[in-house]
Amino acid sequence: MAQRKGPAVWAAFLWPGGHHHGAWRLPGSTGDDIMSFDNYRRMALDCERAKFDVVFLGDRLDAWPLPDEYLARTARGARLETITLTAALAAVTSRIGLVATASTTFSEPFNLARQIGSLDHISGGRIGWNVVTSYTDDQAQNYGLDHIPPRPARYARAQEFLDVVKGLWDTYEDDAVLRDKETGQFFDADRFHKLGHEGSHFKVAGPLNMERPPQGHPVICQAGASKDGIAFAARNGELLFSINSSIERARDYYQAIKTGAADAGRDPDDIKVLASINPVIGRTQDEAEEKYQQMQRLLDDDVSRTFAEMYFGMDLSGYPLDELVPEIELPDASHGMPRAHQEYMLNKARDEKLTMRQLVYGFNGTNIYPKSAEAAADEFQEWYETGAADGFILQISHVPEGVTDFVELVVPILRRRGLIREDYVGTTLRENLGLARPVNRHTTARSVPA
Ligand SMILES: Cc1cc2nc3c(=O)[nH]c(=O)nc-3n(C[C@H](O)[C@H](O)[C@H](O)COP(=O)(O)O)c2cc1C
């Protein structure tokens, strides 16, 4: 396989208290105040100094579907809403991209077009929108429903939602605003367009009450992993987050996305696929292992088991803990994690011959691994250069320490190897990712002779 060169795309996924369920209990962790904006500010600035492309902020429309008794022993039940948080981060950073999560199942296109568009203006064009469809009943129950709609229905709504949002962002053509103080003409009415959308899910008249976002359309981010999700991602996504248990599986996913994009008439280079990885970094392998074990010792057994049961949507108590993970028939549970996450965990258990105990207590639902800085850099390089990913989304296990460890220990190695940029090349997220700015649909129509 051709070895590619040049910088990869780097994103830091910050979760309050850290991705590892025990990490909030570490001394000096953000667990001391998970609602603190200052924690996010400092971590985002560390990532910006390292020249990361993106700070990614995940979100859900629930506390987390664990029984209260167990949720109360985690730092997962509370967090800042990400659009609001992104606005605040936009004001204190200047170059790094910021990705906010918002659900198409439980919002309205007019609302999100305004909110994400405003963020793009406020940040000077540094915004991505992580388009999610939400996947659990407890989130639906905050929005007047008893159950989450089936996945095909969610993705059908998501497609129309996104089409409407992009249409609204194209309300003003780029040269529509004249601001001519002499003539008194503020904008050119011929370059100002109402949407007039009537579809299966939405009826939106427009126009959007906002000039076009600096990036034209903020970057569309997505993590589809099901058949419907991959089709949606291949058609619409620009920055994708993937979860794969091995380099081989990651390469297959990468190919599926790039082929799907070509089939949808897109240039595969217009989609950047990031592999999600949870690094726990040390100067040496022993130091990394020790950090990891320190977090593992802080895990609560009942919480770990309940989390694993929530991920799988089933009772796991019948499985002997010290035997290899058997073939598990997954129920079609709408309170579990997406099937892709479940398969990821089961594939990993199969590939690495894990016991039930390692699955339940070792995983934390994510790809956590302790590595020396050098070994981590080797692995990133192999994944990147052999076509398993265009870059990485680092699900930071313990914060803020995991961010500083990565920036101080791994980034210098990556930089020496040319895998992370020396400096930002542009002012917008699109420019830094090498993604073209979409031409306004009305301008395109105007330039095509009738
Ligand atoms: C790195 C990463 C971050 C994600 N962040 C969120 C999130 O913040 N909120 C959310 O509801 N889903 C999130 N997801 C889940 C995806 O949106 C998606 O539902 C999942 O990957 C399964 O795909 P499917 O919807 O096609 O089944 C994330 C997935 C990955 C891999």
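Mentor: The shell around the ligand is made up of ten nonpolar, nine polar and two charged residues. Keep in mind that this is a predicted model. In total 21 residues surround the ligand, and the closest are Asp59, Tyr155, Ala223, Ala225 and Ser226.

Tyr155 has a polar side-chain atom 2.6 Å from an oxygen atom of the ligand. For Ser226, an N or O atom in the side chain is 2.6 Å from a ligand oxygen. On its own the ligand has 610 Å² of accessible area, and the protein covers 95% of that.

Which elements each supply at least two residues of the shell around the ligand? They include β4 (127–132) and α6 (151–169). Let's follow β4, since that takes us into the sheet. Five of its six residues are buried, so β4 is largely enclosed by the rest of the structure.

What pairs with β4? One partner is strand β3 (residues 97–103), which runs parallel to β4 and is joined to it by six bridges. Within that pairing, Val131 in β4 has Ala102 opposite. To get from β3 to β4, the chain goes through helix α4 (residues 109–123), in a right-handed β-α-β crossover.

Strand β9 (residues 219–222) is another partner: three bridges link it to β4, again in parallel. Here Gly128 stands opposite Val219 in β9. There is a side-chain link to look at too. Gln222 belongs to strand β9, and a polar atom of the Gln222 side chain lies 3.5 Å from the backbone oxygen of Val131. With a relative accessible area of 2%, Gln222 falls under the 20% cut-off, so Gln222 counts as buried.

Take a moment over the two faces of β10. In a regular strand, side chains alternate between the two faces of the sheet. In β10, Leu239 and Phe241 are on one side and Leu240 and Ser242 on the other, and all of these are buried, so both faces of the strand are covered.

One more step brings you to β11 (residues 272–282), which runs parallel to β10 and is joined to it by four bridges. Leu240 has Val273 in β11 opposite.

Pro207 is in the loop between β8 (203–204) and β9, and a cis peptide bond, with omega about 0°, joins Gly206 to Pro207.

Note on methods:
Residues are numbered from 1 along each chain as its sequence is written. This is a predicted model: local features need pLDDT of at least 70, side-chain atom pairs count only at pLDDT 80 or more; totals for chains, interfaces and linings use all residues. Side-chain values use heavy atoms; hydrogens and water are left out. A residue is near a molecule or strand if one of its heavy atoms lies within 4 Å of it. A polar contact is a pair of N or O atoms within 3.5 Å; within protein, one must be able to donate a hydrogen and the other to accept it, and residues adjacent in sequence count only if both atoms are side-chain atoms. Accessible areas come from the Shrake-Rupley method with a 1.4 Å probe; for residues, only the protein chains shown count as cover. Ala, Val, Leu, Ile, Met, Phe, Trp, Tyr, Cys and Pro count as nonpolar, Asp, Glu, Lys and Arg as charged, and the others, Gly among them, as polar. Buried means under 20% relative accessible area, exposed over 50%, partly exposed in between (1.4 Å probe, protein chains only). Two strands pair if DSSP finds at least two bridges between them. A crossover is right-handed if, with the strands pointing away from the viewer, the path from the first strand over the helix to the second runs clockwise.
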